[in-house]
Amino acid sequence: MALTGSDASSSRAVSPRAASGRWRTLLRPPTRPPSSLAPREQAAAEPLIAAFRAAEPGASAADLTELRRAYTVAERMHRGQLRRSGAPYVTHPLAVAMILAQLGVDRACLVAALLHDTVEDTPYTLGEVRADFGDEVALIVDGVTKLDGERWSKEQAEAETFRKMVLAAAADLRVLVVKLADRLHNLRTLGFQPPHKRERIARATLELLVPFAERLGIHALERDMDDLAFAALDPGAHAATEHAVRRELAGAGPVLGPAAALLRAALAGHRVRAEVRIRPRHLHSVHRSREGNLRGLRPSDVTRMLVLVEGPPEDCYIALGAVHSALHPVAGRVKDHIAMPRFNLYRSLHTVVIGPEGDFLDVIVRTREMHEVAEHGIVAHARQARRGGTAEAVAERLDLVWLARLLAWQSGAPSAEFLEGLRSDLAGGNIACFTPRGMTVSLPRRATALDYAYALGPELGARSIGALINGRLAPLSAEIRVGNVVEILTDPEAAPSPDWLGFVRTPQARVHIQRHLDGPHGGGPSVRNADQDTGWQSSGP
């Protein structure tokens, strides 16, 4: 399974990686290519410059010069290399950078995007990247550079490359952001690949990269990758879904128009300045929600109503009251992701109402700032911080528990086990439960109290003896349900048992238990108590 680099659609005239010694030296162009290009070549970078300036109105002349210089290096280093489509290879890093510019990333991230394949596919070295563009850019380029497959088997190289990327992302999340844009462009040109490669790349996208996009809250990339991978894996179902959705959207006016009019009138009556939009759902989402059955599809099945509030977050609650005054709410279907944001920065109010025609309608209420974050996730937060707005530091606003979990168990896992565990961990955030202090913990379905304990920390898991689920005593093997409040009971003398491997579900729990059983262990660090900042509580026997 190819997972990294420019594996999706490239065909190169020269493979400098295969060259060595003096031949590699002979292949290398001058270390620092001149910053000027022919007018036609230089013009190719101008749409990127324009997109960057639109997202960063305060960009300096030095920033623009740096972007042009990075494009010059990429163009000269990739000269003579072609995509499978026959296009010059430099069109790929330029397209990746354009995707990121439209998200609003910073200058260093765009420079890294332009150079992201140079170290892997040309004689340009990481040391030269660092000398020419600095440590920040070099870190990102290194993070997305595929490891040399000559050291491992193909499967091991792919797993180790992903392990390297996860470790690099812990230092700079822009590594993952560049990788996601790289894969999105490769998916857009996937038709030039043979069928077996299309399937392999699309499956890897759904298993690993779409979940990474969801974790970072970058739903704009997540939706596009999801639909493109769906089209590659099941073109018949994709075409049928697209046809059905188009048909329903064409007839949506009589169903959704009156509901939208009622909402606008109610919002005006409550003196809330807001815009009401009809938002189509993406195709793979419709396919999954209907389990492939498109019979009886209605406009309400393929759309959501979006209320964008102009005022502060508090006005969202007034807007929600207006929605419920205009259209009858469905009991138990209100979700408050403003008071309790999702782990990936997402904040909105969700409700389900009954429209004038008797349809159930999904309505989402959020401010425009929340909408920017809902679309672009961590990138939007970083942009807000650069603009000097009210946003706190990005690291303080992003819940990185999922990344910390990956780092906690991955280091000792063999390549195959790591890759399988990574798939499981990324696919597993389907159940939200809570600590006694209200912290949300995401777990895979059928996860147990012991999985929950290890999700909070390996020391806590190792000392676990039982749990309180919604205040009731439960064994460590008890399955966690959505919304459960879980408290772990511990004993400083407790230790992992071989029996635990029979009921844990998460890879991090399994790795830590096996690690303990395989080697000598002392008493280990003491478990923190409820007064510390982990959000969980523990007690003795």
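Predicted model: local features only at pLDDT ≥ 70, side-chain atom pairs only at ≥ 80, totals over all residues.

Residues are numbered from 1 along each chain as its sequence is written, and side-chain values use heavy atoms, leaving out hydrogens and water.

**Confidence**

The mean pLDDT (the predictor's confidence in each residue, from 0 to 100) is 83 for the chain, and 81% of the residues score at least 70. Helix α17 (residues 314-326) has the highest confidence, at a mean of 97, while helix α1 (residues 21-27) has the lowest, at 31. Helices here are DSSP runs of H or I, at least four residues, numbered from the N terminus. Residues 1-35 have a pLDDT below 50, yet beyond near neighbours in sequence this stretch has 102 contacts in the model; a contact means heavy atoms within 4.5 Å.

**Helix α14**

Now for α14 (residues 235-250). Ala237, His238, Thr241, Ala244, Val245 and Glu248 are buried, that is, under 20% relative accessible area, with exposed being over 50% and partly exposed in between (1.4 Å probe, protein chains only). Down the axis of α14, the buried residues fall within an arc of 135° (taken from the directions from the axis to the C-beta atoms), so they line one face of the helix. Pro235, His243, Arg246 and Ala250 are exposed on the other side. Among the parts covering the buried residues are α13 (219-233) and α16 (283-289).

**Salt bridges**

The whole structure has 27 salt bridges, each a side-chain nitrogen of Lys or Arg within 4 Å of a carboxyl oxygen of Asp or Glu. Here are some of them.

| Pair | N to O distance |
|---|---|
| Arginine 130 and aspartate 135 | 3.3 Å |
| Glutamate 136 and arginine 174 | 2.7 Å |
| Arginine 288 and aspartate 226 | 3.0 Å |

Arginine 288 lies in α16 and aspartate 226 in α13, so this pair ties together parts 62 residues apart in sequence. Arginine 288 is partly exposed at 44% relative accessibility, whereas aspartate 226 is buried at 4%.

Terms used:
Helix = DSSP H or I, 4+ residues; strand = E, 2+ residues; numbered from the N terminus.
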